[in-house]
Amino acid sequence: MAIQLASSSSYRSKWSYDVFLSFRGEDTRNNFTSHLYSALHRRGINTFIDDSELKRGEEISPALSEAIKESRISLVIFSKNYGASSWCLDELVQIIDCKETKGQMVWPIFYHVDPSEVRHQLGCFAEAFGKHKVVKRHSEERIQRWRTALNKAASLSGWHLGDE
């Protein structure tokens, strides 16, 4: 996966970070995401990674929300349990909003999940949404925002990293 970012002062003043990493910690934090972060860091790419362990039911912190808004690019790492996390899904809604309102670039990475599963909420994503509905902690409007954001993000050109 080759990511090229030009270092220029013109966007440095507009963006605090080159890249924001959105990922499900339990799936990828200690393997793919940590390796990706290290590679970006070694190349001098200013990357935001949330290293806090999130508790169930918490909302996105103001600092995390600001980091999303102040990033030039969001790399969204979709994995098997990404859709089970309301935190990840809320983060994705904000990322897509920043793409549409601020011109932020969004590049999806499909880590051991098929892009069509994400786009149409099939397989593990269907299971996750079934659980979200059963719990009834989330409004239908919020769930629909998640579905729309998943569809938009999974329709973007990105990378599919399967089991090979």
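**Close-up views of a predicted model**

The structure holds four salt bridges, a salt bridge being a side-chain nitrogen of Lys or Arg within 4 Å of a carboxyl oxygen of Asp or Glu. The model is predicted, so local features need pLDDT of at least 70 and side-chain atom pairs count only at pLDDT 80 or more, while totals for chains, interfaces and linings use all residues. Residues are numbered from 1 along each chain as its sequence is written, and side-chain values use heavy atoms, with hydrogens and water left out.

**View 1. The largest nonpolar core.** This core has 28 residues; a nonpolar core is a set of buried Ala, Val, Leu, Ile, Met, Phe, Trp, Tyr and Cys residues joined through side-chain atoms within 4.5 Å. Buried denotes under 20% relative accessible area, exposed over 50%, and partly exposed in between (1.4 Å probe, protein chains only). Phe78, Tyr82, Leu92, Val118, Phe125 and Leu150 have the most contacts inside the core. At least two core residues come from each of α3 (62-69), β3 (71-78), α4 (86-102), β4 (105-111), α6 (124-135) and α7 (140-154). The greatest contribution is that of α4, with seven residues. Helices (H or I, at least four residues) and strands (E, at least two) are DSSP runs, numbered from the N terminus.

**View 2. The surroundings of phenylalanine 78.** Leaving aside residues up to four places away in sequence, phenylalanine 78 touches Leu92, Pro108, Ile109, Phe110, Tyr111, Val113, Val118, Phe125, Leu150 and Ala153; contact means heavy atoms within 4.5 Å. A second, separate core of twelve residues includes Leu36, Ile77, Ile109 and Tyr111.

View 3. Leu64, Ser65, Ala67 and Ile68 of α3 are buried. Seen down the helix axis, the buried residues of α3 fall within an arc of 160 degrees, so they line one face; the arc is that of the directions from the helix axis to the C-beta atoms. These buried residues pack against β1 (17-23), β2 (47-48), β3 and α4. The face turned away from the buried side carries the exposed residues Pro62 and Ala63.

View 4. Lysine 69 forms a salt bridge with glutamate 66, their closest N and O atoms being 3.8 Å apart. Both residues lie in α3, three residues apart, about one turn of the helix. Lysine 69 counts as partly exposed at 32% relative accessibility, and glutamate 66 counts as partly exposed at 36%.

View 5. Arginine 142 and aspartate 90 meet through their side chains in a salt bridge (2.4 Å, N to O). This pair links distant parts of the chain, with arginine 142 in α7 and aspartate 90 in α4, 52 residues apart. Both arginine 142 and aspartate 90 are buried. A further salt bridge joins the side chains of glutamate 100 and lysine 152 (2.7 Å, N to O). Here too distant parts of the chain are linked, glutamate 100 lying in α4 and lysine 152 in α7, 52 residues apart. Lysine 152 is partly exposed, with a relative accessible area of 35%.

**View 6. Aspartate 18 in strand β1.** Aspartate 18 lies in β1 and counts as buried at 2% relative accessibility. A polar atom of the aspartate 18 side chain lies 2.8 Å from the backbone nitrogen of asparagine 46.

Technical notes
A polar contact is a pair of N or O atoms within 3.5 Å; within protein, one must be able to donate a hydrogen and the other to accept it, and residues adjacent in sequence count only if both atoms are side-chain atoms.
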